[in-house]
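Welcome! Here is a short tour of a protein model, starting with its overall build and ending with one residue.

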Amino acid sequence: MSWNAIDWQIILKHLTELCSAEVTQDKVADLRSFNTASDIKKEFEKVDNFRLLLMNHPRPSMESLDLFFTWAHRLEKAAQLKAIELRDLRHFCIETLALKETLEANNTNINKALSQELLNPEEPLSAIDQIINSDGTIRSDASEKLYNLYHEKNSLNKSISNTLDSLVKKHEMEGLVQDKFVTTREGRRVIPIKANMQGHFEGIIHSSSQSNKTVFMEPQEVIPLKQSPSSS
């Protein structure tokens, strides 16, 4: 019998559209026929099992599979994972946990066997959550050193802000500032200074306005603070 007789390519197309990860789409596209009736019967039993499962439970998603090999290969080499890779691993653990819960909700032999093959994600998920936030940023309290650096950095940033505000408000600077506000240029907090007055203000010029009437200067008073290791 020809595969065209059962619209096999159309079936594959529909199955591919249901996949939540590209890696599973590739596997679906590579599906082949079975050689024996017993193999076909086993697969029909699996299909019927999952049909009943999905009738009563939400369909699990495994989008994290697309990024699996990136961090898995690094773990195999005993390499240290970056924060973004820990985030991807965390996503994988969460989806695996949801999948295990769905399989164990209907404790058939097929579901039980599949669940036992899956990683138990609770321990690695707990460990990761002690290091990073859900968005992949390192937690400020991940270690005592990070905690201290985090608070030191906040203190320095507050000191810089206070210094800049004080400089803007100084009476003797009224003729220097173009506007009474602090802004940022090239990642630096700067004060807008009248271009023809820049020689009367100590600091570093980071940019200028389109009209060239204003230069954005980082005051000399805050440069030592910016050079602190904690504020970099």
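The protein has nine helices and four strands; helices (H or I, at least four residues) and strands (E, at least two) are DSSP runs, numbered from the N terminus. Read from the N terminus, the order is α-α-α-α-α-α-α-α-β-β-β-β-α. The radius of gyration, taken over C-alpha atoms, is 30 Å, well over the 17 Å that the globule rule gives for 232 residues, so the protein is more spread out than a compact globule. That rule is 2.2 Å times the number of residues to the power 0.38.

This is a predicted model, where local features need pLDDT of at least 70, side-chain atom pairs count only at pLDDT 80 or more, and totals for chains, interfaces and linings use all residues. Residues are numbered from 1 along each chain as its sequence is written, and side-chain values use heavy atoms, leaving out hydrogens and water.

Some values for the whole protein:

| Property | Value |
|---|---|
| C-alpha trace span along the principal axes | about 90 × 45 × 35 Å |
| Buried residues | 26% of the 232 residues |
| Accessible surface (Shrake-Rupley method, 1.4 Å probe) | about 15,900 Å² |

Of that accessible surface, 53% belongs to carbon and sulfur atoms. Buried means under 20% relative accessible area, exposed over 50%, and partly exposed in between (1.4 Å probe, protein chains only).

With a relative accessible area of 35%, A113 is partly exposed. A113 and I223 are 110 residues apart in sequence, and their C-alpha atoms are 62 Å apart in space.
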